[in-house]
Structure formats: C-alpha cells, structure tokens
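Student: Please take a close look at one part of this model: the place where the two chains meet. How is that contact built?

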Amino acid sequence: MADFLLELLSEEIPARMQAKARVDLERLFVAQLSDAGLKAGAVTVYSTPRRLALIAKDLPAQTEAVSEEAKGPPESAPDQAVDGFCRKNGVTRDQLEVRDVKGRPTLFAVINKPGRATSDVLSEAIPAIIKAFPWPKSMRWGDASASTESLRWVRPLSGIVAILGDDLVACEIDGVTSGYETVGHRFHHEGMITIGNAGDYAEKLRACHVLVDQAEREAIVRDGAAKAASDGGLELVSDEGLVIENAGLTEWPVPLLGGFDPAFLDVPEEVIQLTARVNQKYFICRDKSGKLAPNFVCTANIDASDGGKAITAGNEKVLTARLSDAKFFWELDQKTALEDHAKKLSNIVFHEKLGTVADKVERVAKLAERLASLEGTGLHRANPEQTQLAARLCKADLVTEMVGEFPELQGLMGGYYAEKEGLPIAVSNAIRDHYKPVGQGDDVPTDPVTVCVSLADKLDTLVGFFAIGEKPTGSKDPFALRRAALGIIRILIERDLTFPVKRTVASALSEIIPLPSLADSTTGLEIAKEYMGDGKLGTAFAMEAVKKSTIAAKSVTAEIEARGPIIDDVLEFLTDRLKVQQREAGVRHDLIDAVFALGGEDDLVRLLARVKALQAFVVTEDGVNLLAGYKRASNILKKELGEGSAPAQAGAHLPFEQTDATAGDGLLPSQEYSSVKTLSYTPEKAEKALIDALDAAQPNVTAAIAAEAFEKAMTALADLRAPIDQFFEDVTVNDSDDDKRTARLGLLARFRAAVHQVADFSKIEG
Amino acid sequence: MEMGAGTFHTATTLRALGPDPWNAAFVQPCRRPTDGRYGENPNRLQHYYQYQVILKPSPPNIQQLYLDSLTAIGIDPMLHDIRFVEDDWESPTLGAWGLGWEVWCDGMEVTQFTYFQQMGGFDCKPVAGELTYGLERLAMYIQGVDSIYDLDYNGNGVSYGDIFLDNEKQMSEWNFEVANTETLFDLFNKAVGECENCLEAKLPLPAYEQAIKASHVFNLLQARGVISVQERASYMGRVRDLAKGSCEAYMAKNAEDWKLRHPKWSAA
C-alpha cells in the first residue's frame, strides 16, 4: 500500500473554475483507477490559483491478476475463423481449450491477465485525465500551438508532480514530463521545491508560502476579513461568494482593512457595494448602527515587506477612482429629470420591427393603465395616473450614465432618481421593481401600481416578439421570452389575479399592431377589439361588428383575422410555461394535461385551482373508482363506435359553451346519443339510477364550475360513482336490441361528457 | 490612426496570423470615446497610451518575463500585490478571442495579458502572447501620484495634465455632446465602402485601416448614445465583416509564401 500524489501546475486558474475542477479531477481519477480494477482509500483534492492536486491514500502496489474467458467458434469451424479468434484474443491455437456447449465441442480462450504495477497504470492514467479534463474554456499555447491538435488546458500547463510512495510515476504529455519538483509562492519563494511524497507535500508548500488546502485559505479570508473589520470597530458584511473567490485568487491570503472618503456615501449603497464587490472583490463593512461604513476589506496574496501599507494605499486609490466615477454619474444623472431622460429613449431602437424604446414605453403605459382599470382583479386599486406615470418613466434610467456603467442597476437607479425628484412613492417603487421577478428566487411585486407596470412591460415584450415571428425555438431564446412568460405567470398566480389573459394579450397586440384607424365611427372597432380575444368565435363576432359599422373595413377584418393565430400562440406559450413551472413544482403532469387538454380556459389562476382540486380528488376512493368507471365507459364507446380518443371540451364559463359542448366529442354519434331524451323501452333499475344521477349531477357540476368552486364540482362528480359502478354491474350495454344499445351508449357518452366538464380524464394515469 | 487598443494595430492583429514568429513592442496611443470623464476622473481618460508587446509563439516563461519587466521599471513585487485575475478577451469586431488575465497591482488593472486563440475568425497557429501595459497607471505607481494629471511628464516641470487635461475636457464634450451624428453615420458608411473597395483590389493592409476607422466611428456613435442595444449588434457585425475580410485577404496574400517556408503549416 502506498499513497499517491498528483499535482498539475499551471498558470493562474480562474477562481470561479476551481471548485468544479477539484470535483472533476477526483471523478476522472477514480474512474481511471476503477477501469484498471484499482481502488484507493481516501481521495483528497486541492486547488490554488496555480495548481490542482490530488492525494489518494493506500493504493495497492499492483492490480489483481484476472482470468477472463472468451467463447469462440465450434471446434469444427474453418481455420480462418479460428485464427481470427486467436488473433483477437492474443493467444495461440494450442492454448485454446475445447468445451462442450449444448453437445457441441466449442473453442474457448482463457486469457490470464497478470496484475499490473500500479505505477504503470498511473503513468497512463495521468495523461488520459489531462486530455479528458472538462474545463469550461481551454486554450493552446507555445510552440506546440502551431498545430490545433496540441494539448489544451485552462491556461498553459507547466508541470506535473506524480509520486507513488516515494517513487516517481513517470509520464509525459505534450512535452510536459512528471517530476518531483514544483514551485512555491510566486514572490515569497524563488526556485523549485522538491517534494518527497504525498505526506510532506502540503507542509513543504506551506513552508514556501502556499496553503494548498482551499478550505484553510477560505477560513483565513472569512475570519481574517471579519477580524480586520472588527479591529477597526466595524462589522463585515459577510459574503461567502467573495470568500471563495478570494481564496481562489490567492495562495497566501492576507486580509487588509482600507478606507475611502465618507463623501462617497452619498452614492446609493447598492452602487458602492457593486463597485467594491464586482470590480474589486472587496468586502464592505457597516458601522455599529448598521450604516454602510467608508471602509472595505481587500485580500492580498502576500505578506508585504511593509506590513501591507502600500497595498492598502494602492487599493484605496483604486476604489476612490471607481467611486468617483460612480459619484460623477450619480450627480450628472440627477441634473436631468427622468421625464427628460425618457425623451432620449426615442433614439434607442428596441427592435427594428417593434420601434424604439420610447414606442415600447408608450404601449406599456397604455396597457398598464388599462390593467389598472380592470375590475374585480385587485389591480383596480392601482391609481391610474400613478400607473401611467410610472410606466412612462420606467425605462428612463436606461439612458442614465450609471446604468450605462452598471447595467445590473437598471430599475434600481430609476427608483432612486424618482425618489430624489420627489415623485410619489408608488411611482418610484414601480420604476424600481417593474423588472421583477427576475430570477426564480426573486420576489414578485405586491404594490398594485408596480404589478400593473410589470405585467404590461412583460406582456408587451412577449406579445411584441410573437407578433413579429420571433418565438423562442429549442434552446434559442434571445429575447428572454421564457423569462417574461414565467414572470407573467408568477405575478398572476402569486398575486391571485384572475383575469382573462386572452383578452389582455389581444389588448397588448392591438397596441403593437394598431388596427387601421376608422375615422369617426368606431363602434364596430370597439366591439371588434372587445371580442377579438375570444378565439374563433370572438373573431367572428368582431368581424360581424365591423361589417355592421358604417364603414367599409376590409383591411380591418383582414387584420383581425391575421392576429388570431398570434394570440393563440402566445396563449399556448404561456400555458406551456405554466405546465413546465407546475411540473417543476411537483404537480402530477398527467393531471396538468387532463385539465389543460380542455382548452378554452385562459385564466391561469382558475386553471391551477382546477388542477389542484383534481389532484386532491383523484387520490380519494371516489376519485379512484370514478376514474375506473370513466375508463371503462370510454373503452366501450371507443370499441363500439370506433371512436378515436375523444377530445374533451370544457369552458363552462364561455358564452358559447352550449355550441361547443354539443360538438363535444367531435363525432356525430355521441352527439346523437347524448341528446336522446325519451326511451322506447323501460330502463332497468341501474340504468334509470344513472340517468337520474346524471340529471342531478350535471347542473351541479356546471354551476360549481361557473362559480369556480372546483372542489364542489368534484363532489358533484363523485355522486356519479355509485350509479356508474352499479350500471356496469347490472346492465348490458351491448344489448341485442338496437334501441337499447344505442340508448345505453348514449348514456355512457353523457357520463363521459359530464366528467369532461371537469377534466379530460383520459389523460389521467392509473 | 485612431484605435481603441494596441491590439488593433496591424503589428498585432495581422501579425498574429500565419506561422512566422513575431516579436514586437511599441507604444500605442488609444482612444475610447466612452471612457471620457471631462478630465474629472483621476485615472480614466478617453485618450491614453498603451505599451504593446506581442510574442509569437508565446514563450514558456512569458509570465516571468512580464514580472521581471515590472521589477525593471521599479515595481517591487514584495511591496505590492501583483495578481493574475481571469479576464478572457473577446473582440467581436475583430472576430477574435483569447484567454488570459488582467494583471492587478494593488487592485488596479495595469496590464492585459492574453493568449490569442483566434483572430479574424482564424485559429492562431501558433498562439501569440500579448501584453498590454497601461503606461499612465504604471507611471502613477512608480511616481507615487494619485492622479494621472499629476504625473511628471518630462522631469522638467511639465505635468501630464499640462499636456492632456484640456484635451480630455474638450474631447469628452465633443465625444458625448457635440459630434455631429449625421456626419458620423456618413463617415462610417464611407469607411465601409472604402474597405470593400480595398478588399476588391486585394489590398489587405489599407482595407484593414478602413475597418479600424469604421470601428472608431462606431465607438463615437456609441458615445453619442445613438445606437441601441439591438442596432449595436448589427453595426458590430458590419465592422467584424470588414475586419474578417481584411484578415482573410491577408491570409490569402501570404499563404503561398508561408507554405513555402513552413511546409507543415496550413491555414485551417
């Protein structure tokens, strides 16, 4: 048993790549060992900016000898086949054994593989690991790079230390050969260090100012930064990301406290923090009262000869320059009112087919105001004037210097500038937060003004890009439309906003592609706009309305017709995103499909409420049995009527529900059967019971759905469970009497249609 | 010629192509209109100097050569914190990229250090190492001054500010507020046209100069704030096509000679 040390020395490895590199090194090493039938004891991996290292404990000196058997052709096979088999297995003919396989003498080769020296295995494994290493970005360098086939590494690979026990593991890759020697700290130690074995590696490096264990360096940064702050009477704003990054940038971390001119504290805290953190990798500090202090902690990579005075002074100078830039922007931006900044948005093209940012802002303002007037959604609590104002100013900060410098501060800066101008708090909040929610963990706005502006902005983006045919495809989503859609969904759901998405989408679209203007009489157009959102039938209504108006409006009807598919596409995209989001949240996908398959519903909150009610129902005993009954009925209908899978229709809330519902199963027989009212015979008891139950349940289900009481609808459906069970128990559907058969199939169709009012049960698994 | 960085110089961009070794060092005046601060920022200017070094192929001891050069000009690495911080370089307008670092001295970026991987869309074979020193910043360290404008320019009473402060104030105003954008758009289109003209005549060097001109005019338009995020991509695409075209023409013009002298070399 011996311990193995591998060090791959290179020029500075980016800090952000080191954690994954350690994992990859261990994974690749263990895989190489196990391919050779070796297993190490504990494996430890280290990284510094200049090296990746691995120590594997207790490696056996040799791999185990193995004996493998290969079955060959029958003994009687032609020489050619037998020779081929021998070649393949590296044996000679006289080494083959003959064994009986199902009565046939068959040739076998027994291949004895002796154990290999572990160091030989490692000699091959090391170059293989280096070649296979999955750096996020890699490069070529030096003389060898005259060919594009040359070795790639994250930065030039400069050395390999590979020692098993006390012995060198000899290996070579692209001119880099293994040895005992490595380097210490770039400035604290000149010349090479000779490593004896895995046991003295870390200590020899430590003596040369290299702490090879990242956990140790992280602890020094974490605790040292906190101590540097507290020594100065301050409290460090802890930031684990910065701890890891600074540990990845240093081999010998030395935290140092510095300061800056308190005059810079006029600049918003976020700006100071961003400048310090992103540009300089400094920690920031607070004073005892919790206010941002004019101090920072930087992490040097050296024990400087003057104790760090020059380094601190240098870093202070850099931060001062950065902050003076920020202060310059902060003051310059405020010299112009947001309203005037906003005027410059007309110089910025949002998209060549969607106009300038100013055009977008105009659309968003109109849409936001319309949202603010939607009754019964909670949004009408938003003050319409404030909503308009916020929407008109929400993008103004895009032309400010500060956002030009720090794009991630968009929104936030607008909010600050609005506040400084003395605009109402609801307006500055909306400007600040209208991009929310940005990521998955981000908050959803609560203030009604913010919600209106946020929704309007996202809807305009989504609908706009769909209108010009820029839909996301596969992994390509250059305009971040998935994020916009998810933002809309989260706002609707988390703020419980029940309103007709389709009509809102149509409304957004009418701002993007305005309907041709209709001079004075706009009645037809108004009606058209009103109904456009309601799909095919709505479009028909709209066209009718336009025709009836006094103006010949061919172009308008053409326009209306053309935008139907766009609206449908947006709706489909939104529901798809909702599905994905719900699936990720752990909701059963078949239940989502069952509810979504009904179509017609464009109120996401209602859709979701229905999915949830269904989820609760299908696991109850009633639910399980009703589903079984449904499947049986459905199968019979399919078999007897040769139906395909019957598409369901829901939409109890839609005005044209009756029309659509009769078209229900899409096939004439069902329609005919389900409308049978009078029977030519006396029904059997169970048959009568089912008819009565359906008569009773159907209006209850319809009423419950109309009232959005989905649990109630489920309860009403549950009343059908006993009668359907009994029906199948007692009644023969496929009766020889044609009248009876027809009537009973009709009854099953009716039962199925009743269930479909709630969800398409055919999609439910189990 | 106005250019944003020493990298744009033919001695860097074009010489990074092809198999011939190339070692060059030169001072490059740079203009970056959007970096103008009206002379109010102590270390940010729209016009400054770079010391540009290119070593091809990159020598194995290039980092040490670089560190020795810092020591040589008076920066003590035991007193200052010198670090190589990841900064990959990409120039969409040159169709080029490389991996490397920005070198920090006490938190200030004093050098850009890049291993060119591609230039004008072509793989660099072999790879060149590029060192771009920020001359003013290094001088500030050595002279111990807090502002670029306080640098002693000639050891005889003339400061950097005496020479450049007015220039920064006036150029910032022009870059951001005054430059006639119609004229700029016109200049851009003319440079594009002339570049195409040169490419047609198979003259890569003048073609490339026109590409650099277009690139600088584009930067001025950016400073004037008249190019939107969306348009930006399309303008950059046009400049990239010119730069790439020039690189292609350069490769084509030299390919035969290169192959003759480096039989194993191939462009692809």
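Tutor: In this predicted model, the contact draws 53 residues from chain A and 47 residues from chain B. About 4100 Å² is buried between chain A and chain B. Carbon and sulfur atoms give 54% of that area. On the chain A side, A:R155, A:F187 and A:K317 lose the most area to chain B. Together they make up 15% of what that side buries.

Now the polar part. Between chain A and chain B there are 24 residue pairs in polar contact, counting residues at pLDDT 80 or more. The salt bridges between chain A and chain B number 8. A:D325 and B:R44 meet through their side chains in a salt bridge, at 2.5 Å from N to O.

Next, the secondary structure. Four entries make the list of elements giving two or more residues to the side of chain A that touches chain B: α7 (269-280), β16 (292-300), α8 (309-334) and β17 (349-351) of chain A. Of these, α8(A) gives the most, with 11 residues.

B:V27, B:Y51 and B:L135 form a nonpolar patch on the surface. Their accessible area together is about 220 Å². B:Y51 sits in strand β2 of chain B, which covers residues 47-56. B:Y51 counts as partly exposed because its relative accessibility is 30%, and that class lies between the cut-offs of under 20% for buried and over 50% for exposed.

Notes
Residues are numbered from 1 along each chain as its sequence is written. Chains are lettered from A and ligands numbered from 1 in the order in which they are written. This is a predicted model: local features need pLDDT of at least 70, side-chain atom pairs count only at pLDDT 80 or more; totals for chains, interfaces and linings use all residues. Side-chain values use heavy atoms; hydrogens and water are left out. Patches are made of residues with over 30% relative accessible area and no salt bridge: like charges are joined within 9 Å, nonpolar side chains (Val, Leu, Ile, Met, Phe, Trp, Tyr) within 5 Å. Accessible areas come from the Shrake-Rupley method with a 1.4 Å probe; for residues, only the protein chains shown count as cover. A salt bridge is a side-chain nitrogen of Lys or Arg within 4 Å of a carboxyl oxygen of Asp or Glu. Buried means under 20% relative accessible area, exposed over 50%, partly exposed in between (1.4 Å probe, protein chains only). Contact means heavy atoms within 4.5 Å. Buried area is the accessible area (1.4 Å probe) that two parts lose on being put together, summed over both. A polar contact is a pair of N or O atoms within 3.5 Å; within protein, one must be able to donate a hydrogen and the other to accept it, and residues adjacent in sequence count only if both atoms are side-chain atoms.
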